[in-house]
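Below is a walk through some local features of one protein model, shown here with its sequence.

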Amino acid sequence: GGAQVSTLNIALIGNGRMGRMIESVCAKDEALRIAGFVGPGDHAHPEEIAGAQAMIDFSYPGNLEMVLAHAVKKGLPLVIGTTGLSAEQGDAIRAASDMIPIVWANNFSTGVTVLARLARMAAQALGEDFDIEITETHHNKKEDAPSGTAKMLLSAVDPDGEYAVVNGREGRPGRRGREIGMHALRGGTVAGEHSVHFFGGMEEIELRHRADSREIFARGALRAAAFAAKVGPGLYDMEDVLFCREKEN
């Protein structure tokens with residue numbers, strides 16, 4: 001026989017579209033296995049899933065307290081992809097990351113992670129001579145706007161929150177001030193498209209990423225779980241996963 005592949009058993013919180021996509025990607029990778037789902041018609045609590053060595057949560061904000069408590073109690077690495085979390089829930093995630101490794105990202109795509117890094121570099125290089133606008137497009141069933149990814153791109157180009165944020169414009173907003181406009185388009189089955197526009201005098205740069213399938217997010221989340229299973233406690237994002245940065249304790 002060949003070398004034994006050690007398998008990472010993963011408990012999936014959420015059995016919706018994203019959970020099922022993660023399951024189908026896992027089926028092609030013998031290093032990863034779904035130990036069970038928490039969700040309607042499946043398990044009610046992660047305690048019911050035997051043998052889990054990591055958890056991935058793509059469910060809804062109401063599950064977070066249960067997920068964090070279980071992960072900390074069992075010492076399980078955790079990947080959080082749920083969007084629309086409150087500021088208090090963010091604080092709870094940071095507190096739990098003192099005890100376990102947590103990868104928390106608004107977008108698990110490799111391309112978007114690189115897009116955010118490029119946008120940060122562009123904003124630093126171009127400075128205040130360029131106006132910045134962010135647009136995002138998603139399918140017609142998405143519940144929150146602007147997307148978590150658009151907010152991540154906003155913090156990449158304006159890390160210190162120095163600009164006013166304008167969500168759409170209407171009426172007579174007057175002359176554009178020191179602001180960043182955020183615009184959300186919704187329709188059809190678009191998996192996700194994000195653009196960061198830099199408008200200068202007589203020139204424009206646009207950085208754009210398009211996702212053709214949710215499968216890229218599933219692949220990224222699984223890559224994040226494999227990363228989390230290897231590192232010590234801390235709060236990580238997809239840049240850490242891609243560029244392999246482990247926190248110093």
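A charge counts as sitting over a ring if NZ of Lys or CZ of Arg is within 6 Å of the ring centre and within 35 degrees of the ring normal. In this predicted model, R20 meets that description: R20 lies over the face of F37, 4.2 Å from the ring centre. R178 is placed over the face of Y163, at 4.4 Å from the ring centre.

One of the pairs joins F227 and Y236, with 5.2 Å from centre to centre and 80° between the planes. Planes over 60 degrees apart count as edge-to-face, so the pair of F227 and Y236 is edge-to-face. F227 and Y236 are both buried.

Next come two helices. Helix α2 spans residues 64-74 and helix α3 spans residues 87-96; their axes come within 11 Å and cross at roughly 5°. Because angles under 35 degrees count as roughly parallel, α2 is roughly parallel to α3. Which residues of α2 and α3 meet? On the α2 side they are L64, L68 and V72, and on the α3 side Q89, A92, I93 and A96. Six of the residues in this contact are nonpolar, one is polar and none is charged.

The last stop is strand β1, residues 8-13, which contains N9. N9 has a relative accessible area of 17%; the limit for buried is under 20%, and therefore N9 is buried. Leaving aside residues up to four places away in sequence, N9 touches R33 and A35, together with G51, A52, Q53 and A54.

Notes. Residues numbered from 1 in each chain as written. Predicted model: local features only at pLDDT ≥ 70, side-chain atom pairs only at ≥ 80, totals over all residues. Heavy atoms only, no water. Helix = DSSP H or I, 4+ residues; strand = E, 2+ residues; numbered from the N terminus. Buried < 20%, exposed > 50% of the residue type's maximum accessible area, 1.4 Å probe, protein only. Contact = heavy atoms within 4.5 Å. Axes fitted to C-alpha atoms, helices over the stretch in contact; angles between N-to-C directions. Parallel < 35°, antiparallel > 145°, perpendicular 65-115°, else oblique. Nonpolar A, V, L, I, M, F, W, Y, C, P; charged D, E, K, R; others polar. Phe/Tyr/Trp six-rings, centres within 6.5 Å; stacked < 30°, edge-to-face > 60°.
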